[in-house]
Amino acid sequence: NIQGMAALLSSCPLLLPFSSDKLSYRGYISIGAQHYRLNITVPQALGLKHARLECDWNLKQALHGLEGLIQRKLEQSRDLHTFILEFKDLLSQVLTSRPFQEPPPPPAVYSQFLDDLDAIGWERVVHIDPSFRDWKISSVDSRGREHILSLHLSSQHPTIPPICNVSLPGPFQLQWHIKASLEDVVGQFEQELYKYQRFWDTMDQLDRDTLVLEPERPSRDNTQRRIMIGQSVSLVLVVDPLRPGVFPQCKFLGPDHAVSGHKARLSEHIEKWEDNHTVLDNFERILDIKFPSPSKTSEEVQDMCMECGICYMCRLDGAAPEVTCNNPPCSRSFHHACLFEWLKGLPTSRQSFKMVFGECPYCGQPITVTAAT
């Protein structure tokens with residue numbers, strides 16, 4: 001009837017009649033922002049209960065287990081228009097009540113997965129979940145370092161490119177097209193690894209030959225190191241991953257009387273920096289010191305370690321104390337968060353813009369800390 005057709009057109013504007021007798025419809029049913037392909041045909045001589053439904057893979061997965069209910073609705077509906085409207089209501093209820101689960105890729109994709117595994121090498125696969133959505137693949141660089149490429153595949157793979165999660169010091173921009181394979185992704189990942197070999201050599205030397213305060217457990221994407229170089233003195237370095245030999249961003253942390261000599265010497269001899277030498281070699285030569293090594297005994301390390309004068313811990317959430325009192329006889333160190341909370345609770349402290357001004361908890365001399373954000 002005309003009223004039923006109008007209601008159908010209003011509810012499903014992308015589902016159109018495919019025959020003059022209005023017994024066949026083709027197009028899409030829209031639920032929210034998702035569109036599901038549906039073809040429905042009613043054999044003229046057999047009636048609605050013998051209707052044939054064809055739908056896309058995503059719609060089949062959403063309605064899995066509801067075949068009996070759909071058949072009953074076919075038998076009970078008075079006409080095709082009514083059934084389609086009830087079918088859309090059922091689909092909307094199912095998608096609303098069920099937690100969203102991205103459907104698995106179409107079956108034809110799995111044969112390509114097997115080809116990819118053969119090409120990549122089964123022994124390099126660290127993990128594949130049962131749905132073949134999440135992959136972890138191991139690659140070993142020229143220095144024997146292992147790197148993990150994590151992939152998440154969409155239900156529309158390979159139309160939609162994989163989501164890549166990698167630990168690199170720079171961006172990984174995947175070049176993808178519909179005929180690309182996972183072997184291509186691994187190849188691009190390994191090209192990126194080659195770019196950072198000298199950078200990782202530099203960072204590995206720092207981790208191996210110096211006392212690194214932060215990060216406590218560095219990952220391959222970390223470009224910063226905070227290194228202990230003396231009693232209550234540390235050096236923060238940020239190394240350029242593409243040019244690890246150039247002079248890095250650096251900052252000395254510690255009381256002024258302890259770091260002023262290092263700052264002066266670095267400023268005076270910065271022109272002696274040699275890009276073909278390692279970061280560690282350059283700093284030791286220019287500053288004319290030998291950085292403490294991890295081979296020191298735990299007692300020696302503890303003597304050099306900057307314990308926070310408020311919480312009495314060397315590390316808070318993995319961070320060593322960052323603020324030091326500039327009064328030479330005091331030189332107590334504090335975690336930024338500890339000192340901020342301490343000063344914030346004192347009525348004599350004051351704040352100007354992002355700086356908090358107060359007194360050292362030990363010697364009473366002026367001390368400042370940036371406000372917590």
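Let's start with Leu15, which stands opposite Gly27 in strand E2. Leu15's end of things is the pairing of E1 with E2 (residues 24-31): three bridges join them, and they run antiparallel. When I say two strands pair, I mean DSSP finds at least two bridges between them. And the labels are DSSP runs numbered from the N terminus, with helices being H or I of at least four residues and strands being E of at least two.

Quick housekeeping. This is a predicted model, where local features need pLDDT of at least 70, side-chain atom pairs count only at pLDDT 80 or more, and totals for chains, interfaces and linings use all residues. Residues are numbered from 1 along each chain as its sequence is written, and side-chain values use heavy atoms, with hydrogens and water left out.

Okay, back to that sheet. It's an open one made of four strands, ordered E1-E2-E3-E4, with antiparallel pairing. Which strands sit at the edges? Those are E1 (15-17) and E4 (52-55), each pairing on one side only. On average, neighbouring strands here are turned by 20° against each other, ignoring direction.

Now look at what lies across it. Helix H4 goes over E1, E2, E3 (34-41) and E4, and runs at about 30° to E2. For angles like that, axes are lines fitted to C-alpha atoms, for helices over the stretch in contact, and the angle runs from 0 to 180 degrees between N-to-C directions. Contact, by the way, means heavy atoms within 4.5 Å.

H4 (residues 80-97) also has a helix partner, H3 (residues 67-76): their axes come within 10 Å and cross at roughly 155°. That makes H3 roughly antiparallel to H4. The cut-offs there: under 35 degrees is roughly parallel, over 145 roughly antiparallel, 65 to 115 roughly perpendicular, and the rest oblique. Who meets whom? On the H3 side you've got Leu69, Ile70, Lys73 and Leu74, and on the H4 side Phe83, Glu86, Phe87 and Leu90. It's handy to remember that an α-helix has 3.6 residues a turn, so residues three or four places apart point the same way.

Moving along, there's another open sheet of four strands, in the order E5-E6-E7-E8, with antiparallel pairing. E5 (125-128) and E8 (163-165) stand at the edges with a single partner strand each, so one side of each has no neighbour in the sheet. The twist averages 20° from one strand to the next. E5 and E6 (residues 134-140) run antiparallel and are joined by three bridges, and Val125 stands opposite Ile137 in E6. Packed on this sheet is helix H6 (residues 182-195), touching E6, E7 (146-152) and E8, with its direction at about 140° to that of E7.

As background, most residues other than glycine have a negative phi, and most peptide bonds are trans. Here, a cis peptide bond joins His157 and Pro158, with omega about 10°, and Pro158 is in the loop between E7 and E8. Another cis bond joins Glu214 and Pro215, omega about -5°, and Pro215 sits in the loop between E9 (211-214) and E10 (224-230).

Then there's phi. Phe353 isn't glycine, yet its phi is positive, near 55°; find it in the loop between E15 (350-352) and E16 (355-359). Is Phe353 buried or exposed? At 79% relative accessibility, Phe353 counts as exposed. The scale is: buried under 20% relative accessible area, exposed over 50%, partly exposed in between, using a 1.4 Å probe and protein chains only.

Asp288 has a positive phi too, about 55°, and follows helix H9, in the loop between H9 (279-287) and H10 (298-304). Asp288 is exposed at 56%, but H9 itself is mostly covered, with seven of its nine residues buried. Among them are Val279, Phe283 and Leu287. Their cover includes H7 (197-209), E11, E12 (249-253) and H8 (256-269).

Ser234 is buried, at 0% relative accessible area. Its side chain makes a polar contact with the side chain of Arg226, at 2.9 Å. A polar contact is a pair of N or O atoms within 3.5 Å; within protein, one must be able to donate a hydrogen and the other to accept it, and residues adjacent in sequence count only if both atoms are side-chain atoms.
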